[in-house]
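Please read these notes with the sequence and the model side by side. They go from the overall layout to single residues.

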Amino acid sequence: MSFFISQAHAATEGAAQGGSPYQLFIMLGLFAVIFYFMIYRPQAKRVKEHKTLMSSMSKGDEVMTNGGLLGRITKSSSESDYIVIALNDNTEVTIKKDFITAVLPKGTMKSL
């Protein structure tokens, strides 16, 4: 029966284990530091900048949306998450404040 199963040989006792027992904790700490500086911190900075942008918007500002629409804010309230932007003299669109990506300089819409 032994010709179907190969014989397992035990590892020698003198084989190296691969380093200190704290090496795993050092690597996990290093990955945590890399995660913080490469992923979490830049994302938190972008979120903070976007919240500042949303709170600074007021009636009359020219804005650009995620979809690429340019318009002027006609109605805005601090307690509502929605604003109304006028795309031209006849068209108004209601959108969430979260979808505003940039506040444009005054006169941008007339220059297009």
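1. Helices (H or I, at least four residues) and strands (E, at least two) are DSSP runs, numbered from the N terminus. With that in hand, the order of elements along the sequence reads α-β-β-β-β-β-α. That gives two helices and five strands for the protein.

2. A word on the source: this is a predicted model, in which local features need pLDDT of at least 70, side-chain atom pairs count only at pLDDT 80 or more, and totals for chains, interfaces and linings use all residues. Residues are numbered from 1 along each chain as its sequence is written, and side-chain values use heavy atoms, with hydrogens and water left out.

3. The UniProt record, an unreviewed entry, lists residues 22-40 as "transmembrane region". UniProt positions are given in the numbering used here, feature names are shortened, and annotations may be inferred rather than shown by experiment. In the model this span is 95% helix and 0% strand, and its end C-alpha atoms lie 26 Å apart.

4. The five strands form an open sheet with antiparallel pairing, in the order β4-β3-β2-β1-β5. Two strands count as paired if DSSP finds at least two bridges between them.

5. Strand β1 (residues 62-65) runs antiparallel to β2, and three bridges join them. One of the pairs sets V63 against G71 in β2. The two strands form a hairpin with four residues between them, and G68 in the turn has a positive phi of about 95 degrees.

6. Strand β2 (residues 70-76) pairs with β3 (residues 82-86) over four bridges, in the antiparallel sense. Across this pairing, K75 stands opposite V84, and I73 has I85 as its bridge partner. Five residues link β2 to β3 in a hairpin.

7. β3 also pairs with β4, antiparallel, over five bridges. Here Y82 is opposite K96. The hairpin from β3 to β4 again passes through five residues.

8. How much of β3 is covered? Four of its five residues are buried, where buried means under 20% relative accessible area, exposed over 50%, and partly exposed in between (1.4 Å probe, protein chains only). Over the 112 residues of the protein, buried residues make up 18%.

9. The largest nonpolar core has eight residues: M54, M57, V63, I73, I83, I85, I95 and I100. Such a core is a set of buried Ala, Val, Leu, Ile, Met, Phe, Trp, Tyr and Cys residues joined through side-chain atoms within 4.5 Å. I73 touches, among others, M57, V63, I83 and I85, not counting residues up to four places away in sequence; contact means heavy atoms within 4.5 Å.

10. T65 is found in strand β1. Is T65 buried or exposed? With a relative accessible area of 8%, T65 is buried. Leaving out residues up to four places away in sequence, T65 touches I85, I95, F99, I100 and T101.
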